[in-house]
Amino acid sequence: MNTNIPNTQPKKETGMRSLDQALRPESWTEYIGQPTIKENLRILLSAAKGRGHQPEHVLLYGPPGLGKTTLAHLITKEIGSSLRATSGPAIERVGDLASILTNLSPGDVLFIDEIHRLNRNIEEILYPALEAGVLDIIIGKGPAARTVQLELPPFTLIAATTRISMLSAPLRSRFSGGTFRLAYYSHEEIAEILRRSARILNIEADQDAFMEIARRSRATPRTANYLLKRARDFADVNQEPLSVKTIKKALALLEIDEIGLNQTDRDILSTIIDKFHGGPVGLKSIAATLSEEEATIEEVHEPYLMQIGLIERTPRGRVVTSQGYTHIGYDVPESAQGKLV
Ligand code: ADE
């Protein structure tokens with residue numbers, strides 16, 4: 001899945017990984033926002049610690065860039081164990097998952113990102129592993145086939161997904177430690193995250209500058225940090241301070257508008273309006289018209305457009321709201337007048 005948002009973000013950048021790692025919160029106090037999730041995890045982890053047992057499995061879901069992986073790292077640190085990280089698409093065969101599970105050390109945290117992309121046949125071997133801590137291996141074929149049960153070391157699975165609806169009911173029910181939905185961040189929370197990032201990256205900027213970036217961050221820490229770095233580049237190259245004015249110029253060059261929409265977001269709105277009379281229209285048709293991946297539209301672009309009320313999802317498809325028309329500078333037709341959010 002493409003989680004690079006906005007889509008102007010290059011896939012690879014020298015030093016990017018280490019910069020991103022440097023910005024990752026190291027402690028619960030550094031992790032801003034999501035207060036309910038933090039409190040639930042605190043209780044789950046301290047109860048497990050108090051009783052001396054392995055914390056139960058946790059499912060984290062929500063749009064990309066909101067800090068699911070970061071939470072997995074913090075949980076691992078809290079337990080004092082090691083994180084084994086993999087992802088749904090990386091596990092291609094039953095044997096891959098069996099090997100990951102049997103190679104865990106007692107107390108490990110197994111992190112499976114994009115778990116919705118785990119193949120159903122493979123998923124089934126997770127059920128007994130999560131429920132009873134065992135691995136059922138079938139040896140042989142046909143009438144001679146028999147099942148051997150291997151005991152696994154105690155471990156905690158932390159799974160993350162942007163698409164909870166794609167998880168099967170049996171899999172969802174195995175996260176006995178809890179299923180938590182990460183929410184979009186407020187502008188104030190994003191500004192606080194940016195203040196910390198600026199300190200780490202040695203960037204000088206004031207609260208107005210952080211708020212300006214926050215307003216254009218799609219309420220998403222990953223995007224906010226990305227914009228901070230790009231705005232700093234712009235300021236450095238042009239030998240300007242990182243002021244509100246400079247930020248506006250830098251982000252205009254990246255084609256990011258005042259509310260953080262990028263060109264693809266705006267194309268989605270104008271396509272629905274120009275080609276499909278404002279909707280309702282199905283995801284497939286939007287994706288085909290824009291030559292974009294359905295998954296990218298559904299997982300990256302739509303959640304935020306819906307969050308800020310520019311589109312709505314109806315049983316018959318996607319519809320642009322009156323605010324959506326207004327945002328891209330179109331008159332609101334009568335048909336969309338009732339679509340006020
Ligand atoms: N990076 C990703 N999520 C974060 C958060 N909640 N607080 C601080 N930095 C973050």
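**Before you start.** The model is predicted: local features need pLDDT of at least 70, side-chain atom pairs count only at pLDDT 80 or more, and totals for chains, interfaces and linings use all residues. Residues are numbered from 1 along each chain as its sequence is written, and side-chain values use heavy atoms, with hydrogens and water left out.

**Stop 1: the domains.** Colour the protein chain by domain. Select 34-181 for domain 1, 187-253 for domain 2 and 263-336 for domain 3. These bounds come from an automatic or database domain assignment.

**Stop 2: domain 1 against domain 3.** Show domain 1 and domain 3 together. Their C-alpha centres are 35 Å apart. Five residues from domain 1 and four residues from domain 3 make the contact (heavy atoms within 4.5 Å). About 360 Å² is buried between the two domains, 50% of it on carbon and sulfur atoms. Buried area is the accessible area (1.4 Å probe) that two parts lose on being put together, summed over both.

Now select R163 and E298. They form a salt bridge, with the closest N and O atoms 3.1 Å apart. The term requires a side-chain nitrogen of Lys or Arg within 4 Å of a carboxyl oxygen of Asp or Glu. Between domain 1 and domain 3 there are two salt bridges.

**Stop 3: the ligand.** Which residues surround the ligand? Select P25, E30, Y31, I32, G67, Y185, I193 and P221 (each has a heavy atom within 4 Å of the ligand). The protein covers 94% of the 260 Å² of accessible area that the ligand has on its own (Shrake-Rupley method, 1.4 Å probe).

By class, this shell holds six nonpolar residues, one polar and one charged. Ala, Val, Leu, Ile, Met, Phe, Trp, Tyr, Cys and Pro count as nonpolar; Asp, Glu, Lys and Arg count as charged; the others, Gly among them, are polar.

At I32, a polar backbone atom is 2.7 Å from a nitrogen atom of the ligand. At Y185, an N or O atom in the side chain is 3.0 Å from a nitrogen atom of the ligand.

Methods
Polar contact = N/O pair within 3.5 Å; in protein donor to acceptor, adjacent residues only side chain to side chain.
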